[in-house]
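Reader: I have a new structure open and would like a short tour. Can we start with the terms and then go through the parts?

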Amino acid sequence: MIPIRFRRSVKLCLLSTLTACSVRVMPAGVPTLPDSAIIRGHIEYLASDRLEGRGTGTAGNDSAAAYIARRFRELQLIAPFPGYFQRFEARGAQDAHLGRTTPRATQNVVGLLRGRDPILRDQYIVVGAHFDHLGRAPESSLDPGARDAIRNGADDNASGTAAVLELARLLASHPLRRSVLFVTFSGEELGLLGSQFFVDNPPVALDRVVAMLNFDMVGRLKDDKLFVYGTATATELVAILDSANAAGQPQFKVTGGGDGFGSSDHSSFYAKGLPVLHFFTDLHEDYHRATDDPDKVNAAGAARVVGLALRTIREIGNRDSRLTFVRASAPRQVSGTRQGSDTYLGSIPDMSASSEGLRLTGVRPDSPADKGGLKAGDVIVEFGGKAVKDLFSYSDALYSHKPGDTVKIAVLREGQRMDLTVTLGRRGQ
Ligand SMILES: [Zn+2]
């Protein structure tokens with residue numbers, strides 16, 4: 001998940017029928033069930049000190065990427081990019097704010113499992129997780145006092161990366177009718193940079209992607225409590241998830257719902273008009289701290305999340321028709337603790353560094369931003385008479401207002417300046 005500071009900025013400021021596996025005789029040794037020992041092994045490697053917290057643009061992050069690519073090769077997944085690496089330069093708003101001008105060279109890791117239906121194989125499910133974490137950087141952590149201690153990010157997000165690798169192993173042995181793209185993202189902690197690059201430079205046309213499932217922090221299952229966000233992004237998702245949950249024992253107590261704008265990579269896909277789900281086992285006291293270590297991970301719980309996700313993916317991947325996308329207007333469900341201003345605009349910022357202003361990747365339906373005429377792609381350059389240079393100056397401008405205030409917002413739309421008037425709302429209303 002992206003840093004609390006950003007999460008606050010984003011959240012506050014801006015703002016089955018189960019298809020049974022086809023009955024056929026499996027050769028011995030073909031995996032059918034999630035294996036918690038394999039999941040634990042992935043987490044122990046990815047969150048070991050030798051990878052130094054997998055900070056984007058570091059050697060430890062590259063080692064994690066190489067490890068993931070090796071797993072994809074062993075499973076004989078197709079490489080849509082050379083060596084499975086989709087290379088890009090990460091330029092984060094926070095880096096720019098801190099005066100770091102050199103971009104970080106990094107890569108997403110992408111593997112393709114071809115579907116078995118001659119027609120439906122041209123449709124794709126994206127199964128994703130970010131594999132980067134904070135490295136040793138105190139500035140994005142919640143324990144700056146620990147200075148340059150390694151933040152291993154065992155739950156955030158070695159756990160989600162391990163879930164994607166385990167889903168790849170299980171699905172590779174029983175391909176679905178549709179194809180599956182397994183994508184592990186870099187640059188997430190800097191502002192969803194890897195997923196934004198992926199949706200802007202996809203290996204297949206995005207209108208062939210039927211859904212994106214995101215695994216961010218699935219390693220701390222407690223009391224069977226699981227959050228699944230984004231269930232309002234397609235009409236069929238609640239029923240599919242309910243059936244998938246009913247087919248497992250013990251069942252999860254699932255909460256969540258909401259639209260697909262959240263503080264992780266699924267947001268980048270939802271902004272492009274795709275159904276999304278985000279699986280999440282909740283925040284905890286080690287979140288973004290040097291104490292998020294492998295020994296605290298519940299690998300058996302992560303295996304159960306993989307089981308639920310596997311049943312969900314099988315249904316989405318094998319059903320005759322595509323999911324029906326919904327531009328949900330439900331208020332986003334939020335979890336965990338947060339505080340601060342509750343002034344609300346409802347716009348979704350692009351968190352990469354910008355040369356001027358704050359670009360929006362989306363606008364929540366029926367939000368103050370939507371009613372005031374803001375649109376995806378607009379670049380906010382002025383808010384209530386204050387110049388907006390980036391996410392940070394934007395936050396300052398927003399927080400100087402109260403819910404109910406009417407403000408003038410200047411945007412650049414296709415290069416033209418437009419002045420809009422917006423009445424700010426209150427978060428949660
Ligand atoms: Zn995080």
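Predicted model: local features only at pLDDT ≥ 70, side-chain atom pairs only at ≥ 80, totals over all residues.

Reader: Which residues are buried in helix 2?

Author: Helix 2 covers residues 36-46, and its buried residues are Ile39, Arg40, His42, Ile43 and Leu46.

Reader: Why do they end up on the same side of helix 2?

Author: Around the axis they cover an arc of only 160°, so they sit on the same side of helix 2. An α-helix has 3.6 residues a turn, so residues three or four places apart point the same way.

Reader: Ok, zooming out. How many helices and strands does the chain have?

Author: There are 11 helices and 16 strands. The chain has 429 residues, and 54% of them count as buried.

Reader: What order do the strands take in the open sheet?

Author: The open sheet has 8 strands in the order 1-2-4-3-5-8-6-7, and the pairing is mixed. Strand 1 (85-90) and strand 7 (253-257) are the edge strands, each pairing on one side only. From one strand to the next the twist averages 20°.

Reader: How do strand 3 and strand 4 run, parallel or antiparallel?

Author: Parallel: 7 bridges join strand 3, residues 124-130, to strand 4, residues 179-185. As an example, Ala129 stands opposite Thr184 in strand 4.

Reader: Which strands does helix 5 touch?

Author: Helix 5, residues 154-173, packs on the sheet and touches strand 2, strand 3, strand 4 and strand 5. The direction of helix 5 makes about 150° with that of strand 3. Helix 3, residues 59-74, lies across strand 1, strand 2 and strand 4, and runs at about 15° to strand 2.

Reader: Switching to strand 8. How many of its residues are buried?

Author: 5 of its 5 residues, 276-280, are buried. Val276, His278 and Phe280 point one way from strand 8, while Leu277 and Phe279 point the other way. In a regular strand the side chains alternate between the two faces of the sheet.

Reader: What joins strand 8 to strand 5 and to strand 6?

Author: Strand 5 is joined to strand 8 by 4 bridges, and the two run parallel. Asn214 stands opposite His278 there. Strand 6 is joined to strand 8 by 3 bridges, running antiparallel. Val228 has Phe279 of strand 8 as its bridge partner.

Reader: I clicked on Phe227. Where is it, and why does it count as buried?

Author: Phe227 is in strand 6, residues 225-229. Phe227 counts as buried because it has 22 C-beta neighbours inside 10 Å, and the cut-off is 20 or more. Phe252 is 25 residues away along the chain, yet the C-alpha atoms of Phe227 and Phe252 are separated by 9.3 Å.

Reader: Last topic, the core. Which residues have the most contacts inside the largest nonpolar core?

Author: They are Ala163, Leu167, Ala302, Val305 and Ala309, in a core of 109 residues. This core draws at least three residues from each of domain 1 (4-318) and domain 2 (343-426).

Reader: And what does Ala302 touch?

Author: Leaving aside residues up to four places away in sequence, Ala302 touches Ile39, Ser159, Ala162, Ala163, Val218, Gly219, Leu221 and Val297. Ile39 is one of the buried residues of helix 2.

Note on methods. Residues numbered from 1 in each chain as written. Pairing = 2+ DSSP bridges. Axes fitted to C-alpha atoms, helices over the stretch in contact; angles between N-to-C directions. Contact = placed C-beta atoms within 7 Å. Buried ≥ 20, exposed ≤ 12 C-beta atoms within 10 Å, placed from the backbone. Arc of directions from axis to C-beta. Core = buried A, V, L, I, M, F, W, Y, C linked by C-beta atoms within 7 Å. Domains from an automatic or database assignment.
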